[in-house]
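Subject: Structure handover

Hi,

Here is the structure I promised to pass on. Please open it alongside this email; my notes follow below.

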Amino acid sequence: MSQEYNDLDAVYLIDEAWLDTVVVAGLTCFILCLMSLSKVQTSKMGVLYGIVGMIAIIVGYWADDTYTYGDGRWLIAASMAPGIVVGLWSAMSVEITGLPELVGAYNGFGGLAAALEGIGVYLDPNAKDFVRDGRALAPKNDAMLWVQAIALVLSIVIGMMTFTGSMIACFKLHGTIASKPRVIPFRLSVTFLFFAAMLICGTLAFTAGQDWNDREGGLAFIIVVAILASIYGIIAVMAIGGGDMPVSISFLNSLSGFSTSMAGFMLSNKALVVSGAFVGCSGVILTIVMCM
């Protein structure tokens, strides 16, 4: 990819008017979805709003040549096909009593997707540039790169905690793991050490000789962050009893939203930022209401 930048290329960093319109329409559908889900009488329409909004945003970015180019269209379509099939099959075959487990699993895989995005961006040779239509248009300044780095680490940490925590919650609800809470000794001290280690390793991935697309020391630090976050997700949810799992799943749902929002900051994608914030904030509100 050419590294010769042209001042006129900055024009291409602005999304097409039709794509902005589609994104705004999709996000508006998400707002209508949340509003409608607050009442039983309008909940079905709320689900429909959410489906329409999600399809609109996905198709919009998929159809835009500046975001999806080359072999990207058929690769993305081929990648989505198995997910669509599995999603429809799992939703239609699950018993009504198994819905909390299914929702928990969906939350977990959403967090895993955000974490994998973070690792993928770290390994991207063009992570320091604005890329549109397969071309590097302009370099990002240091402030942008630090925001991107912070969002990347948060996306991995929150995403992996959400994934492993959601899986434990699903196993507890299913009875695979005993519902009795298991609290590790010196829990507060261990929590502090875990987060301190994730902070240090996340910082070292971009300093002390490491940089973006460092596939040796830098990648090792990123993997350590992911492993530590995964272990802490297990520890955190194992300490919660089976009777409180619905509340845990609600909170983990909010975490999956925040991980998506962090992925949006990391990828400079406003649709991910806003939709993730919707999920995260609504999940926190629901968790507070359930705890009252």
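**Helix α6**

Helix α6 is 18 residues long and spans 26 Å from its first C-alpha to its last, close to the 26 Å expected at 1.5 Å a residue. Bear in mind that this is a predicted model. Which residues of α6 are buried? They are Thr191, Phe194, Met198, Cys201 and Gly202. These residues cover an arc of only 105° around the axis, so they sit on the same side of α6.

The face of α6 directed away from its buried side carries exposed Leu188, Phe192, Leu193, Leu199 and Ile200.

Phenylalanine 186 belongs to the loop between α5 and α6. Its phi is near 50°, a positive value in a residue other than glycine. Phenylalanine 186 counts as exposed, because its relative accessibility is 70% and the cut-off for exposed is over 50%.

**Helix α2**

Next, α2, which takes in residues 43-63. This helix has 21 residues. From first C-alpha to last it reaches 30 Å, close to the 30 Å expected at 1.5 Å a residue. Its buried residues are Gly46, Gly50, Gly53, Ile57, Gly60 and Tyr61. They cover an arc of only 110° around the axis, which puts them on the same side of α2. Among the elements covering them are α1 (17-36) and α9.

Alanine 63 is also in helix α2. Is alanine 63 buried or partly exposed? It counts as partly exposed, because its relative accessibility is 36% and buried would need under 20%. Leaving out residues up to four places away in sequence, alanine 63 touches Trp18 and Arg73. Alanine 63 and arginine 73 are ten residues apart in sequence. Their C-alpha atoms are 7.9 Å apart in space.

Serine 268 is in the loop between α8 (245-267) and α9 (270-291). Serine 268 is partly exposed, at 37% relative accessibility. It is 195 residues from arginine 73 in sequence.

**Aromatic pairs**

How many aromatic pairs are there? The count comes to seven, with ring centres within 6.5 Å as the rule. One of them joins tyrosine 122 and tryptophan 212. Tyrosine 122 lies in helix α4 (residues 99-122), while tryptophan 212 is in the loop between α6 (187-204) and α7 (217-238). The pair therefore ties together parts that are 90 residues apart in sequence. Both tyrosine 122 and tryptophan 212 are buried. Ring pairs also bring in Phe206: Tyr122, Phe206 and Trp212 form a cluster.

Leucine 145 is buried, with a relative accessible area of 13%. It touches Ala127, Lys128, Lys140 and Trp212, not counting residues up to four places away in sequence. Leucine 145 and tryptophan 212 are 67 residues apart along the chain. Their C-alpha atoms are separated by 9.5 Å.

**Confidence**

How far does the predictor trust the model? The mean pLDDT of the protein chain is 86. Of its residues, 95% reach 70 or more. Where is confidence lowest, and where is it highest? It is lowest in strand β2 (residues 135-139), at a mean of 77, and highest in α6, at 93. Over residues 1-12 the pLDDT is below 50. Beyond near neighbours in sequence, that stretch has 20 contacts in the model.

Best wishes

Notes
Residues numbered from 1 in each chain as written. Predicted model: local features only at pLDDT ≥ 70, side-chain atom pairs only at ≥ 80, totals over all residues. Heavy atoms only, no water. Phe/Tyr/Trp six-rings, centres within 6.5 Å; stacked < 30°, edge-to-face > 60°. Helix = DSSP H or I, 4+ residues; strand = E, 2+ residues; numbered from the N terminus. Buried < 20%, exposed > 50% of the residue type's maximum accessible area, 1.4 Å probe, protein only. pLDDT = per-residue confidence, 0-100. Contact = heavy atoms within 4.5 Å. Expected span 1.5 Å × (residues − 1). Arc of directions from axis to C-beta.
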